[in-house]
Amino acid sequence: MILKVDLENLTAASELGDFEAEYRALVDTCGLAARSDRGCVVVSGDRRDEMLNGLVSNQVAGLSDVGRHAFLLTAKGRVLTDLRVFPRAGDTLLDVPRSGLPNLLATFKKYLPPIYATFEDVSEAVTQLAVYGPEAATAVQDALGLEPPTEHLATSGHDLDGRQVLVIRNRWLGSDGLEFIAPADAARALAEHLSKAVGAAGGRPVGARALEVVRIESGLALYGVDISDDNLAQETGLEGEAISYDKGCYLGQEVVARVHFRGHVNRRLRGLEFDADGAVPGSALSLAGKDIGQVTSVANSPDLGPIGLGYVRREVEPPASVRWSEGGVSGDARILELPLRRPAV
């Protein structure tokens, strides 16, 4: 099956006409998605690795052909945004949630010395596309004639009609995936190649709604939805992915280290399974009449039913039956371990 994709519709759409078919593509074959929810910043300068390493929570100096997930924190250890750091020849590319981009730019303006490293928001100069699902790597390999990187967050470069495209392996969202960061003037050609590949593999373009369901099933916290500057890094479920406890100092490191070595956080991100629709982000969670947390994300999964993510007090261990309530409406829910659907490894 060969599909044609309208790049503008793909970028803007919550759904592309058939939500269930889009979801099935992401789960069973593969789906082509636009990541217009992501921004990009380029950091340049001979000492960029050193400067970035002194700001973010993971070890990002000396990387080669592999990226790293990290947090940017306040001095008090609160999350300003998460980000992914990708080395390139001559500079470093940061992939950032659009909702966290203003915080990152403001922090860099304050803490990144221009004599050592400079930064530029290039979000409008690039396009981010992705193919997610169990057949993603095979489809992309057949379409573009490239050998996809294998390790999570490993990268490779691909020449598309003389334009360089960064290819990233993402094994955390859904079962598998490959992401592409391309110059804006190469976006249409890239979308056409990927659309043909996805269609030939039995998949289809997908909108934001289907992608959001798979994100929640995968247990991936999203900045601006599940994460804000009210959160400590270790609450988010991204600790193992985005924090190094062996590196030197960085912004907020003292709080992160104190929590890790001497204490604990009082709440953790957990999966939620609801008995029925009705819960919304912000719904309170309670156990035996006591407040134990709050819902942050909700979705209705065709496979798993009404599900969500939320913060739950650490003493409430999965599986636990709780109540949710919001605006005089309430219902039953269960606290579950994440991810709700296991990713590829």
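A charge sits over a ring if NZ of Lys or CZ of Arg is within 6 Å of the ring centre and within 35 degrees of the ring normal. I started with that rule. I was working on a predicted model throughout.

**Entry 1. Charges over rings**

I looked up Arg 267 first. Its charged end sits over the ring of Tyr 311, 5.0 Å from the ring centre. I then turned to Phe 19. Arg 209 lies over the face of that ring, at 3.7 Å from the centre.

**Entry 2. Strand β12**

I followed the strand that covers residues 267–274, β12. Which strands does β12 pair with? I found β15, residues 305–313, joined to β12 by seven bridges. I also found β17, residues 329–336, joined to β12 by four bridges. The β12 and β15 strands run antiparallel. So do I note β12 and β17 as antiparallel.

I picked Gly 271 to look at both sides. Gly 271 stands opposite Leu 309 in β15. In β17, its bridge partner is Leu 336.

**Entry 3. Aromatic pairs**

How many aromatic pairs does the structure hold? I count two. Phe 108 and Phe 119 form an edge-to-face pair, with 5.6 Å centre to centre and 75° between the planes. Phe 108 is in helix α4, residues 101–111, and Phe 119 is in strand β6, residues 118–121. The two are eleven residues apart, and I logged the pair as a link between distant parts of the chain.

Is Phe 108 buried or exposed? Its relative accessible area is 1%, so I wrote it down as buried. Phe 119 has 29%, so it goes down as partly exposed.

Next I took Tyr 245 and Phe 261. They form an edge-to-face pair, 6.0 Å centre to centre with 75° between the planes. Tyr 245 lies in the loop between α8 (239–242) and α9 (253–262), while Phe 261 is in helix α9. The pair therefore ties together parts that are 16 residues apart in sequence. Tyr 245 is partly exposed at 24% relative accessible area. Phe 261 is exposed at 59%.

**Entry 4. Nonpolar cores**

I moved on to the largest nonpolar core, which has 33 residues. Which residues touch the most other members? I listed Leu 26, Phe 71, Leu 73, Val 79 and Ile 227. The elements that give two or more residues to this core are α2 (19–28), β3 (68–73), β7 (126–132), α7 (208–218) and β15. Helix α7 gives the most, with five residues.

I checked Ile 227 in detail, leaving aside its neighbours within four places in sequence. Ile 227 is in contact with Val 79, Ala 221, Leu 222, Thr 236, Leu 238 and Tyr 311.

Another core lies apart from the largest one. It has 22 residues, among them Leu 146, Val 167, Ala 197 and Val 198.

**Entry 5. Salt bridges**

I count 24 salt bridges. I began with Asp 95 and Arg 84, whose closest N and O atoms are 2.8 Å apart. Asp 95 is in strand β5 (residues 91–97) and Arg 84 in strand β4 (residues 79–88), eleven residues apart. Asp 95 has 0% relative accessibility, so it counts as buried. Arg 84 counts as buried too, at 9%.

Arg 84 also forms a salt bridge with Glu 179, with the closest N and O atoms 2.7 Å apart. Glu 179 is in strand β10 (residues 177–183), 95 residues from Arg 84. I logged this pair as a link between distant parts of the chain. Glu 179 is buried, because its relative accessible area is 5%, and the cut-off for buried is under 20%.

I looked at one more pair, Arg 163 with Asp 185. Their side chains meet in a salt bridge of 3.0 Å, N to O. Arg 163 lies in strand β9 (residues 163–169), and Asp 185 lies in the loop between β10 and α6 (187–200). The pair therefore ties together parts 22 residues apart in sequence. Arg 163 is partly exposed at 36%. Asp 185 is exposed at 60%.

Last, I traced a network. Salt bridges that share partners join Arg 24, Asp 28, Glu 217, Asp 303 and Arg 341.

Definitions and conventions
Residues are numbered from 1 along each chain as its sequence is written. This is a predicted model: local features need pLDDT of at least 70, side-chain atom pairs count only at pLDDT 80 or more; totals for chains, interfaces and linings use all residues. Side-chain values use heavy atoms; hydrogens and water are left out. Two strands pair if DSSP finds at least two bridges between them. Rings of Phe, Tyr and Trp (its six-membered ring) pair if their centres lie within 6.5 Å; planes under 30 degrees apart count as stacked, over 60 as edge-to-face and the rest as tilted. Buried means under 20% relative accessible area, exposed over 50%, partly exposed in between (1.4 Å probe, protein chains only). A nonpolar core is a set of buried Ala, Val, Leu, Ile, Met, Phe, Trp, Tyr and Cys residues joined through side-chain atoms within 4.5 Å. Contact means heavy atoms within 4.5 Å. A salt bridge is a side-chain nitrogen of Lys or Arg within 4 Å of a carboxyl oxygen of Asp or Glu.
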